[in-house]
Amino acid sequence: APVIAPHVPLSIIQRSTPNFSPGRFGFPPVGLVMHTMQGTLPGCDSWFANPASQVSAHFGVSLRGDIHQYVKLENTAWANGRLEMPCPWQTVATSPNPNYESISIETEDNGLPGVTPVSDAQYEAVIRLVVEVLLPLHPVLQYLVGHAAISPKSRPFCPGFRWTDS
């Protein structure tokens, strides 16, 4: 595992998206959902800025470790779609929409999700984002899943083996 340097301030660049719902409809986030971008961070920025895409995530993390925030944590990103039953997420869900109870993190893979490994910089950025930002704001976060845990039929390989194989 890479050495994490907490003495360097974490930099999060704000990016705009029209694709979110204000608030969380009374549901606090209880889990982090990892995604793979199937592309690059600039491509993700562009896609999330497009109203026609109807998709967003709270954060995107590049292979270089750059972090972009698209949706404020108090709002609902549209990354996870609907529950596809049966799925592992249904055992923790209390809402009908998994987006209400999750914080979503997209990770750059240069369009090669089955080939591009998680870089040390990307790994460090995600860990620092979780430890330094997300857990202090949402100490009830208790689950870490891939998108496939919510959408096993339509997204069976998201985030793929990038985050599970070492």
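**Close-up 1. Thr-40 caps the N-terminal end of helix α1.** Let's start with the cap itself: a side-chain oxygen of Thr-40 sits 3.1 Å from the backbone nitrogen of Gly-43. The model shown here is predicted, so to speak of its local features a pLDDT of at least 70 is needed, side-chain atom pairs count only at pLDDT 80 or more, and totals for chains, interfaces and linings use all residues. Residues are numbered from 1 along each chain as its sequence is written, and side-chain values use heavy atoms, with hydrogens and water left out. Helices (H or I, at least four residues) and strands (E, at least two) are DSSP runs, numbered from the N terminus.

Close-up 2. Leu-41, Cys-44, Asp-45 and Phe-48 of α1 are buried, where buried means under 20% relative accessible area, exposed over 50%, and partly exposed in between (1.4 Å probe, protein chains only).

**Close-up 3. Phe-48 and Tyr-70 form an edge-to-face pair.** In the whole structure, a search finds 4 aromatic pairs. Rings of Phe, Tyr and Trp (its six-membered ring) pair if their centres lie within 6.5 Å; planes under 30 degrees apart count as stacked, over 60 as edge-to-face and the rest as tilted. For Phe-48 and Tyr-70 the ring centres are 4.8 Å apart and the planes are at 85°, so this pair is edge-to-face. It links distant parts of the chain, with Phe-48 in helix α1 (residues 41-49) and Tyr-70 in the loop between β5 (67-69) and β6 (76-77), 22 residues apart. Both Phe-48 and Tyr-70 are buried.

**Close-up 4. Tyr-123 and Trp-163 are stacked.** Here the ring centres are 6.5 Å apart and the planes are at 20°, so the pair is stacked. Tyr-123 belongs to helix α2 (residues 120-137) and Trp-163 to the segment after β8 (143-146), so the pair ties together parts that are 40 residues apart in sequence. Tyr-123 is partly exposed, at 30% relative accessible area, and Trp-163 is partly exposed too, at 24%.

Close-up 5. Phe-27 lies in the loop between β2 (20-21) and β3 (31-36) and is partly exposed, with a relative accessible area of 22%. Ser-95, in the loop between β6 and β7 (102-107), is buried at 6% relative accessible area. Its side chain reaches the backbone oxygen of Asn-97 at 2.7 Å, and a polar contact of 3.0 Å joins the side chains of Ser-95 and Glu-101. A polar contact is a pair of N or O atoms within 3.5 Å; within protein, one must be able to donate a hydrogen and the other to accept it, and residues adjacent in sequence count only if both atoms are side-chain atoms.

**Close-up 6. Cys-87 and Cys-158 are in no disulfide.** The structure holds 0 disulfides, a disulfide being a pair of cysteine sulfur atoms within 2.5 Å. For Cys-87, the nearest cysteine sulfur is that of Cys-158, 14 Å away. For Cys-158, the nearest is that of Cys-44, at 11 Å. Cys-87 is buried at 6% relative accessibility, and Cys-158 is buried with a relative accessible area of 10%.
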